[in-house]
Amino acid sequence: MNPPSRFFILRDDVEAPGRWDLGTPVDGRGHEWDDAAFRKGAPVSVEGPLRIPLRAHDGTALDYTEAGLGVPLVSAKAAAVFSALAPHDIQLIPVSVEAHPEPFFILVSTRVEKCIDDEQSSSVEYWKPEDGRPDRTGRYRSVQGLRIDPTKVGDARVFRTWGWVNLLVSEHVKQALEDTGATGLRFEEVTGPSDLSAEEKAWARAARARRERVDRARDAFWRTLGTLDTDTIPLVGFGPWPSHRQIWRVIRRPNGHTLIVTDGLSDYFLDSTEDSVGFGLELSLETDATFPRLYTSWPTLLLQRVSTELAEHAPVRERALIGLCLVEVPGKDMPKALRSAEGTVGVVLGLPTPALPDCFTLPAGLVKLVTVKALLASELLWLRSRGEDGLALLATRLQHEPSPHLSQARRPALTP
């Protein structure tokens, strides 16, 4: 068989009707695996059985799904295609899925190919020494409109691209999967000339430079608060954030606490040529607890839900910009002490604290840093019966605490 000439990114069809929602793989002792281990383009050594929990129990099983954070999961039907057409490019790890007796496999691509075509891709940016990230200097910082050079792929039919870890499959694999009627798949071609004109590419480069100015300024501010983790909490789809980037960052505080912040609510609006600070705010949640996997912990989940609430509802944003604001979000997978009888968790936004500045500056203007304080269920119940006066009273009471903004699942209730 001749080497393939057309390749496609294999993606999870997140818009598939009734799509199930799968968590991170865990081992026999219930310990979560690092999702990144399955995305490195190398074989994974696994001892003992793995299982994948369901995040939602009413979804439909699919032949291809990305569990956890980008872990490819395939049914036996899809696994047979990969085994037949790319046996030397993959590893199939048997895994059980909660409430589903049929066999499934984690699909591991064991090859990495350095084949991105910088000239044909719409926009490519590299990390530079002045970015302050020596661990990433010379590597890709952004790849938009990805195109690859098939002559640099060799005989690979399933692989990950060096420096920008998309999962790619050849046209033969794509066609075979489609012929079986496999569900949950979405393909994006990455061979051939870019769809963008020279003018559109120039616009994309200018847009990237614009975004980098904002990113550098915001990163510089985050570093004044502690040690900024090198990795972001991965993008979760595209939502109603100003530039459609949903990103969260982790900052290790000098006092040993962990600060999780939104990173993009103050982006400029993607559909506007004018610079702005987006919604004019970013959210911060600080915790003194430690977690084996912070990215899947309740504080991270809570901040994600609160940021979604603000992004989707202008009145909530307006209240948060003015002063104190009470918000309730779904309490699924939250600590019992935080969950109300109705299954929600209450948070106070904008609680002042001497531990954090209340604003910072970006090139386009001032941005408010809004604290997120998780309430105990008893505090939320008390506030519901007292309205705005109760919120002000509770906030005053919290100001007498050493760290009034700290979110904790275990502490004495502070209702007056």
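Two strands are counted as a pair if DSSP finds at least two bridges between them. In this predicted model, strand β12 (residues 158-161) meets that condition with strand β13 (residues 167-170): three bridges join the two, and they run in the antiparallel sense. One place to look is R160, whose bridge partner in β13 is L167.

The β12-β13 pair belongs to an open sheet of five strands, which follow one another in the order β9-β12-β13-β1-β14 with mixed pairing. The edges of this sheet are taken by β9 (112-113) and β14 (185-189); each has a single partner strand, so one side of each is left without a neighbour in the sheet. Helix α2 (residues 171-179) packs on the sheet, where it touches β1 (7-12), β12, β13 and β14. Seen against β13, the helix direction makes an angle of about 85°.

With strand β3 (residues 50-52), β7 pairs in the parallel sense over three bridges, and here R51 stands opposite S96 of β7. With strand β8 (residues 100-109), β7 pairs in the antiparallel sense, this time over seven bridges. Within that pairing, I90 has S109 in β8 as its bridge partner. Strands β7 and β8 form a hairpin with two residues between them, and in this hairpin A99 takes a positive phi near 70°.

Conventions: Residues are numbered from 1 along each chain as its sequence is written. This is a predicted model: local features need pLDDT of at least 70, side-chain atom pairs count only at pLDDT 80 or more; totals for chains, interfaces and linings use all residues. Side-chain values use heavy atoms; hydrogens and water are left out. Helices (H or I, at least four residues) and strands (E, at least two) are DSSP runs, numbered from the N terminus. Contact means heavy atoms within 4.5 Å. Axes are lines fitted to C-alpha atoms, for helices over the stretch in contact, and angles run from 0 to 180 degrees between N-to-C directions.
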